[in-house]
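Please examine the arrangement of secondary structure in the model shown here. The report that follows treats the sheet and then the helices.

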Amino acid sequence: MKDTHRHQGKRHQLVKIIQAKGIESEHVLNAIGKIPRHLFMDSGFEDHAYEDKPFPIAADQTISQPYTVARQTELLNINPGDKVLEIGTGSGYQAAVLLEMGAQVFTIERQKELFKKASLFLPKIGYRPKKALFGDGYKGLPEFAPFDGIIVTAGAPFVPKPLMEQLKVGGNLVIPVGKEVQIMTVFTRKSEKEFIKNEYGEFRFVPLLEDKN
């Protein structure tokens, strides 16, 4: 569990790469520059940890491309102290980025293996979500709603209604919508009944599945 000067240097290069691709938020860039991404991956992939690519993790899932993590986080547009719901804990990397930025993170994972791994690992490197749950992301977390922001880290064939309902007025839901290819979509809640929808180009994610595994 070492984070060497070599790792830090590679991270610095990664920040430059995603900045060149259009990430502007200093808070997001600082978080990416600080978090040891190589620790979230199998040691066999360690040399590739700071390339701007997704990589396989357990349970046929992936750790998202750093640019994608940065873009979703930037679109979420959060402030320190904001309550954020993450659907799809995965490796825990996205949760770490949000925690590094000062968010109170509530995160749900449907794959038992990933849930256990991330729940044990995140506190070891100093990142503690408010709540990490094994459950069905389509249902959200009504008992802790409303949230200042909701981020979905898997491709959703449709937008789950409970997630829209659990968003605070003024908050953003960032969700990749589509089957084969997803469109990064942001729903901003303007009032109890009114949402504004914006789209931000094509991405590819593993599918968002219902229920638990």
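Seven strands form an open sheet in the order 5-4-3-6-7-8-9, with mixed pairing; two strands pair if DSSP finds at least two bridges between them. Strand 5 (131–134) and strand 9 (195–203) are the edge strands, each pairing on one side only. On average, and with direction ignored, neighbouring strands of this sheet are turned by 15 degrees against each other. Helices (H or I, at least four residues) and strands (E, at least two) are DSSP runs, numbered from the N terminus.

Strand 4 (residues 104–109) pairs with strand 5 in the parallel sense over four bridges. Thr107 stands opposite Ala132 in strand 5. Helix 5 (residues 112–124) lies across strand 4 and strand 5 and runs at about 160 degrees to strand 5.

## Basis of the values

This is a predicted model, in which local features need pLDDT of at least 70 and side-chain atom pairs count only at pLDDT 80 or more, while totals for chains, interfaces and linings use all residues. Residues are numbered from 1 along each chain as its sequence is written, and side-chain values use heavy atoms, with hydrogens and water left out.

## Helix 2 and its partners

Helix 1 (residues 5–20) and helix 2 (residues 26–34) pack at an angle of about 150 degrees, with their axes 8 Å apart. Axes are lines fitted to C-alpha atoms, for helices over the stretch in contact, and angles run from 0 to 180 degrees between N-to-C directions. Helix 1 and helix 2 are therefore roughly antiparallel (an angle over 145 degrees). The contact (heavy atoms within 4.5 Å) joins Arg11, Leu14, Val15, Ile18 and Gln19 of helix 1 to Glu26, Leu29, Ile32, Gly33 and Lys34 of helix 2.

Helix 2 also packs against helix 4 (residues 93–100), at an angle of about 125 degrees and with the axes 9 Å apart. Ala31, Ile32 and Lys34 in helix 2 meet Tyr93, Val97 and Glu100 in helix 4.

## Helix 3

Helix 3 (residues 66–76) is mostly covered, with 11 of its 11 residues buried (under 20% relative accessible area, 1.4 Å probe, protein chains only). The buried residues include Tyr67, Arg71, Glu74 and Leu76. Asn77 follows helix 3 and has a positive phi, near 55 degrees.

Methods. Angles under 35 degrees count as roughly parallel, over 145 as roughly antiparallel, 65 to 115 as roughly perpendicular and the rest as oblique. Buried means under 20% relative accessible area, exposed over 50%, partly exposed in between (1.4 Å probe, protein chains only).
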